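The notes below follow the order in which I looked.

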Amino acid sequence: MKTTRVLIIGGYGFFGRRLVERLSKQFGLHITIAGRSSAAADALACKLRPAAASALAFAALDIQHPAFASQLKQISPAIVVNASGPFQGQDYRVAEACIASGVHYIDLADGREFVTGIGALHADAINAGILVTSGASSVPALSSAAADHLVRGIQTVIAIDVGISPGNRTERGLSTVQGILSYCGQKLPSSPRKPLVGWLGAYRYTYPAPVGPRLHSPCDVPDLVLLPTRYPGRPDVRFGAGLELGKRRFNEFLSVTV
């Protein structure tokens, strides 16, 4: 069986660790867990090896280091998954190094400017014969897939309203928190009729049972720019997020914020 070499940068982080755990159960992969801490990468590899179906290795790798591109060539993966957020403010050095080495590139970015700007690498990726894809995460990958399904057969789309409500007990990675705090108070791309500011204000959204009511606040995500141009009618797009709250706490918070 041919072995596919996969390098996961940020592989012991919040999202990277989950990806490594799932991929390790598949046959035919050689997975390298990478990040700035070789000890953390090695610890995860040792933990997963007894139940793994694929080979697991680790490497110390800093995407900001001047030697990153040469280190990538030494590891010689076929596919790189970049899970080293936050992506807000990052450049494309990882994707560019992958193009130069003929390596397929995927990232889990949800930063609007990062995801919407990576198209600048399209021509170089095509010439190199590789895949470069960004935003393979809850947004915009899953959210746009859901929107694609819902708008089938609709000639004009007026509005798209997307919300995400993680449970209170869901872990929050440091990069995730840094990312969402980076646009607090910042103006978001929106319709002139509905100006939005990151995390300013809250609105009530009621999901079907058994979920029920949740509070959302405006978030800066790639969907705000990508979805209006994707569907006929240039729909207004709103994206909100909020935590799960008990009914009593929800009513208390609602009375204060809305």
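Before reading any bridge partners, I noted that two strands count as paired if DSSP finds at least two bridges between them. I also kept in mind that this is a predicted model.

Entry on the strand pair. I looked up β2 (residues 29–35) and β3 (residues 55–60) and found them paired in the parallel sense over 6 bridges. Gly35 has Ala60 in β3 as its bridge partner.

I read the strand order as β3-β2-β1-β4-β5-β6, an open sheet of 6 strands with parallel pairing. At its edges I found β3 and β6 (132–133), each of which pairs on one side only. Helix α2 packs on this sheet, where it touches β2 and β3, and its direction makes about 170° with that of β3. Helix α3 also packs on the sheet, touching β1, β2, β3 and β4, with its direction at about 150° to that of β1.

Entry on helix α3. Which residues of α3 (residues 68–75) are buried? I found Phe68, Leu72 and Ile75 buried, and because they cover an arc of only 65° around the axis, they lie on the same side of α3. On the other side of α3, I noted Lys73 and Gln74 as exposed. The cover over the buried residues of α3 includes β1 (4–9), β2, β3, β4 (79–82) and α4 (93–101). Last, I looked just past the end of α3, where Ser76 takes a positive phi of about 55°.

Definitions and conventions:
Residues numbered from 1 in each chain as written. Predicted model: local features only at pLDDT ≥ 70, side-chain atom pairs only at ≥ 80, totals over all residues. Heavy atoms only, no water. Helix = DSSP H or I, 4+ residues; strand = E, 2+ residues; numbered from the N terminus. Buried < 20%, exposed > 50% of the residue type's maximum accessible area, 1.4 Å probe, protein only. Arc of directions from axis to C-beta. Contact = heavy atoms within 4.5 Å. Axes fitted to C-alpha atoms, helices over the stretch in contact; angles between N-to-C directions.
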